[in-house]
Amino acid sequence: MTETRPGAMAKTDGPGFDRRLLPPMMLGSILNPINSTIISVALVPIGKALGAPASQTAWLVSALYLATSLGQPVVGRLIDLFGPRRLFLFSTSLVGVAGVLGTLAPNMAVLIAARVLLGFGTCSGYPAAMALLRSEAKRTGRDSPGGVLTALAVANQTIAVIGPLLGGLLIAAGGWRATFALNVPLSVVAVVLGLLWLPKPAPAARPAGGGRLVAQLDLPGMALFAATLTSLLLFLMNPHPRTWYLLVVAAVFAAGFALRELRAATPFIDLRVFGGNTPLLATYGRAVVAYVVSYSFLYGFSQWTEEGYGLSPFRAGLVQIPMFLVAIGVSILSGRRSGVRGKLLVGAAGQIVACLVMLTLGAGSALWALFLVALVFGIPQGLNNLALQNSVYFQADPERVASSAGLLRTFAYIGSMIASSATAASFGRGADTAGMHQLAWIMLGAGVLYLLVTVLDRALGRVAPAPADK
């Protein structure tokens with residue numbers, strides 16, 4: 001018998017992975033990235049329709065990530081305790097409600113509320129998928145196929161990079177409200193697939209009595225975590241000397257959260273485990289800087305191609321087709337290769353090169369230069385997400401894989417919030433070329449930091465490779 005890591009399943013001749021789980025896993029996991037990316041080409045039309053500057057439409061991005069950053073680890077912990085089915089069904093139902101609310105929104109305030117609801121509604125998909133992978137490994141007595149992990153990453157990458165194109169098509173066909181209406185049929189299909197194929201929880205996984213349930217959930221820990229993250233993200237959304245007090249508030253809540261979790265019998269986030277798992281913490285830190293670059297490009301470059309370069313939303317989406325093609329190809333080709341260090345190093349180099357090319361662009365640049373930037377960005381898009389996902393799958397405690405996966409998304413969303421703040425600060429009231437160059441310098445700094453963190457992390461060489469299909 002061969003083991004890849006503590007807690008990993010042995011490879012046997014037992015039953016294989018239940019392929020019926022793939023459709024709900026895939027659809028659930030893409031609900032967040034599709035709503036994260038499709039908005040990138042809708043920000044300008046929404047701003048024009050509702051009379052809101054770029055500094056206000058940035059809240060449509062921030063609102064979703066604030067809600068999802070809070071919800072992902074909470075929902076992940078609930079999935080660890082009670083299984084994915086109920087959480088998946090409830091959350092994906094909220095996506096449909098949010099789609100209706102956004103479609104009918106009369107003003108920016110209601111639209112932001114719809115994005116908050118979308119954030120909470122898309123919380124369950126990715127943690128549920130990771131939990132299902134782990135439970136299938138336990139049921140079958142073998143590691144989940146590497147192809148499943150790759151397919152999950154490719155699905156998220158596909159949506160992340162075709163989101164702007166899809167958004168442009170929807171806006172051309174039905175206006176920006178169509179980007180919200182899309183969530184209604186997606187929600188219906190996700191709920192139906194979940195009802196049909198997600199396994200019902202075993203009796204042991206059903207909620208216990210009230211007192212025992214509260215102890216398992218660690219509600220005080222969740223509340224302190226939410227307060228810490230909310231204070232931090234509110235500062236990141238509008239960093240300014242007059243909002244410095246939010247950092248102090250975040251630090252106070254963080255201290256309280258740490259004390260609570262170290263003393264709790266069943267902590268929400270077991271800091272004692274993380275204290276002995278430096279590689280996992282490094283992966284979370286790497287996710288922050290990786291997504292600062294990724295989402296700055298996604299939101300900032302898309303806005304600049306519309307306002308600074310003069311493309312329509314549809315054509316702005318078309319410009320990113322090369323990124324879509326390259327990212328998918330890179331993910332498929334690299335998905336079955338062992339190790340993550342090489343993927344991360346090449347991904348970091350790709351981000352740096354793309355940022356340098358962005359600094360050469362202007363309103364008079366040839367259209368092919370815009371395609372070139374998207375082409376180069378496809379390489380890190382295809383590598384980074386796959387490598388980070390695989391790192392968490394093998395570095396996390398098997399009993400907390402859903403909440404650990406949720407935390408990966410939380411740290412990614414912190415990076416996206418920094419990116420949103422940097423985009424708003426760089427563009428001010430308009431996405432001009434000078435603002436795009438300022439944003440590119442910020443992205444370049446984050447890309448260099450990402451490369452340094454990866455080069456110096458010796459533990460990456462010990463991350464178990466994704467197992468191959470049988």
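**Figure 1. Buried residues of helix α11 in the predicted model.** Gly 221, Met 222, Phe 225, Ala 227, Thr 228, Leu 229, Ser 231, Leu 233, Phe 235, Leu 236 and Met 237 of α11 are buried; buried denotes under 20% relative accessible area, exposed over 50%, and partly exposed the range in between (1.4 Å probe, protein chains only). The helix covers residues 219–237, and its 19 residues reach 26 Å from the first C-alpha to the last, close to the 27 Å expected at 1.5 Å a residue. That expected span is 1.5 Å times one less than the number of residues. Helices (H or I, at least four residues) and strands (E, at least two) are DSSP runs, numbered from the N terminus. The model is predicted: local features need pLDDT of at least 70, side-chain atom pairs count only at pLDDT 80 or more, and totals for chains, interfaces and linings use all residues. Residues are numbered from 1 along each chain as its sequence is written, and side-chain values use heavy atoms, with hydrogens and water left out.

**Figure 2. The salt bridge between Asp 218 and Arg 260.** The closest N and O atoms of Asp 218 and Arg 260 are 2.8 Å apart; a salt bridge requires a side-chain nitrogen of Lys or Arg within 4 Å of a carboxyl oxygen of Asp or Glu. Because Asp 218 lies in the loop between α10 (210–217) and α11 while Arg 260 belongs to helix α12, the pair ties together parts that are 42 residues apart in sequence. Asp 218 counts as buried because its relative accessibility is 0%, whereas Arg 260, at 31%, counts as partly exposed. The structure holds three salt bridges; one of them joins the side chains of Asp 18 and Arg 20 (3.2 Å, N to O).

Figure 3. The side chains of Asp 457 and Arg 286 meet at 3.1 Å, N to O. Asp 457 lies in the segment after α20 (433–456) and Arg 286 in helix α14, so this pair ties together parts that are 171 residues apart in sequence. Asp 457 is buried, with a relative accessible area of 10%, and Arg 286 is buried at 0%. Helix α14 (residues 278–307) also holds Tyr 284, which is buried at 1% relative accessibility. The C-alpha atoms of Tyr 284 and Ser 404 are separated by 9.7 Å, although the two residues are 120 apart along the chain.

**Figure 4. A nonpolar surface patch that includes Val 249.** Trp 244, Tyr 245, Val 248, Val 249, Val 252 and Phe 253 form this patch and together have about 570 Å² of accessible area. Patches comprise residues with over 30% relative accessible area and no salt bridge; like charges are joined within 9 Å, and nonpolar side chains (Val, Leu, Ile, Met, Phe, Trp, Tyr) within 5 Å. Accessible areas come from the Shrake-Rupley method with a 1.4 Å probe, and for residues only the protein chains shown count as cover. Val 249 is found in helix α12 (residues 245–263) and, at 30% relative accessibility, counts as partly exposed.

**Figure 5. The largest nonpolar core and the surroundings of Ile 46.** Among the 102 residues of the largest nonpolar core, Ile 46 and Leu 133 touch the most other members. Such a core is a set of buried Ala, Val, Leu, Ile, Met, Phe, Trp, Tyr and Cys residues joined through side-chain atoms within 4.5 Å. Helix α3 (residues 54–82) contributes the largest share of this core, eleven residues. Leaving aside neighbours within four places in sequence, Ile 46 is in contact (heavy atoms within 4.5 Å) with Ile 39, Gly 51, Leu 60, Met 108, Leu 111, Trp 176 and Phe 180. A second, separate core of 31 residues includes Val 293, Phe 301, Ala 354 and Val 357.

Figure 6. Ala 105 is placed in the loop between α4 (84–104) and α5, and is buried at 1% relative accessibility. Not counting residues up to four places away in sequence, Ala 105 touches Val 110, Leu 111 and Arg 177. Ala 105 and Arg 177 are 72 residues apart in sequence and 8.6 Å apart in space, C-alpha to C-alpha. Ser 124 is found in the loop between α5 (108–121) and α6 (125–140), and is buried at 1% relative accessibility. With residues up to four places away again not counted, Ser 124 touches Val 75, Ile 79, Leu 87, Phe 88 and Ser 91.
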